[in-house]
Amino acid sequence: MANIFRSRGIRIKKNTLDNKLSINMKCYYNIEKNILEEFCKKNIVDKCLSCFEYSINDLGKIDSFNFHVDLNMLDDNIYIYQPIEIKNIIFNIKKIFDDSFRNYTIGYRLENNKFIGKTFYFYPTIWKKDHYGIQGVTNLKYIEEYYLRFIKYFDFKKGESMNELRDFWFMIKKFKGISISLNTNNQIEYKIYARFDRESIYNFIKTKTSVDLSFSNKYEPLILVAQRIVGNKITGYNLYYIN
């Protein structure tokens, strides 16, 4: 069966030690029964999760499975094996943002076909009769309040990274959410997801990383951008396209 394409991601990543850049690409596909069954033979998946996509990196390897969370079934036991640092952030998400933010998606990350960790995605949601749906935030007052609480909670210090975070945040047209994970170096990594004016965000990323994204025009439209953060450092950007 042919893979059914969903979206494409470009990752611009800055090494925190030597500032060298790497650019990688991966594609996301609708989940296939046989691929999911093979994954579930080796990994325990909570009953409140339903897989909707997997990704293949530019080496041709599967590197993630993404699951929707049944928020009507979700309880704190799903975080039981997470480090206390991750749990503290998860349990404070609504204080940093607001009560609409819920753990809508969980990603299982793989490396060389081995599970290496989970990513927890929190999105602003709205109740729709019998379930929660995602509703991005366009109110600039709320977006500014999110920013102020975010830098306070994570104790961002004045400097180059804080300026880059601020400039990114105040270009946002629609705030879409945040993800939290523990990377392979046991560092907490966040990604801030939002929608932007394409030309403005391309110019911004070129200024900050020297990467000219004109090569990505063939993948338009651009549907989402994420700023990557480790500690108090900006470590790169992810861009997502539906072609």
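Where is Asn 186 found? Asn 186 sits in the loop between E8 and E9; helices (H or I, at least four residues) and strands (E, at least two) are DSSP runs, numbered from the N terminus. The structure is a predicted model, so local features need pLDDT of at least 70 and side-chain atom pairs count only at pLDDT 80 or more, while totals for chains, interfaces and linings use all residues. Residues are numbered from 1 along each chain as its sequence is written, and side-chain values use heavy atoms, with hydrogens and water left out.

Asn 186 is not a glycine, yet its phi is positive, at about 60°. With a relative accessible area of 62%, Asn 186 is exposed (buried means under 20% relative accessible area, exposed over 50%, partly exposed in between, with a 1.4 Å probe and protein chains only). Lys 129 is another residue other than glycine with a positive phi, near 65°. Lys 129 lies in the loop between strand E6 (114-128) and strand E7 (131-134), and it is exposed, with a relative accessible area of 82%. As for the backbone, the peptide bond from Glu 220 to Pro 221 is cis, with omega near 5°. Pro 221 belongs to the loop between H6 and E10. For background, most residues other than glycine have a negative phi, and most peptide bonds are trans.

Now for the inside. The largest nonpolar core has 72 residues; such a core is a set of buried Ala, Val, Leu, Ile, Met, Phe, Trp, Tyr and Cys residues joined through side-chain atoms within 4.5 Å. Phe 97, Phe 150, Trp 169 and Phe 175 have the most contacts inside this core. Not counting residues up to four places away in sequence, Phe 97 touches Tyr 146, Arg 149, Phe 150, Trp 169, Phe 175 and Ile 178 (contact means heavy atoms within 4.5 Å).

Trp 169 also turns up in helix H5 (residues 160-169), where Ser 161, Met 162, Glu 164, Leu 165, Phe 168 and Trp 169 are buried. Looking down the axis of H5, these buried residues fall within an arc of 160°, so they line one face of the helix; the arc is that of the directions from the helix axis to the C-beta atoms. Among the elements covering them are helix H4 (140-153), strand E8 (174-182), strand E9 (188-195) and helix H6 (198-209).

How do H5 and H6 pack? Their angle is about 170° and their axes are 11 Å apart, where axes are lines fitted to C-alpha atoms, for helices over the stretch in contact, and angles run from 0 to 180 degrees between N-to-C directions. The two helices are therefore roughly antiparallel to each other (angles under 35 degrees count as roughly parallel, over 145 as roughly antiparallel, 65 to 115 as roughly perpendicular and the rest as oblique). Glu 164, Asp 167 and Phe 168 in H5 meet Ile 201, Phe 204 and Lys 208 in H6.

Strand E1 (residues 5-14) holds Ser 7, which is buried, with a relative accessible area of 12%. Leaving aside neighbours within four places in sequence, Ser 7 is in contact with Cys 27, Tyr 28, Tyr 241 and Ile 242. Ser 7 and Lys 26 are 19 residues apart along the chain, and their C-alpha atoms are separated by 8.8 Å.
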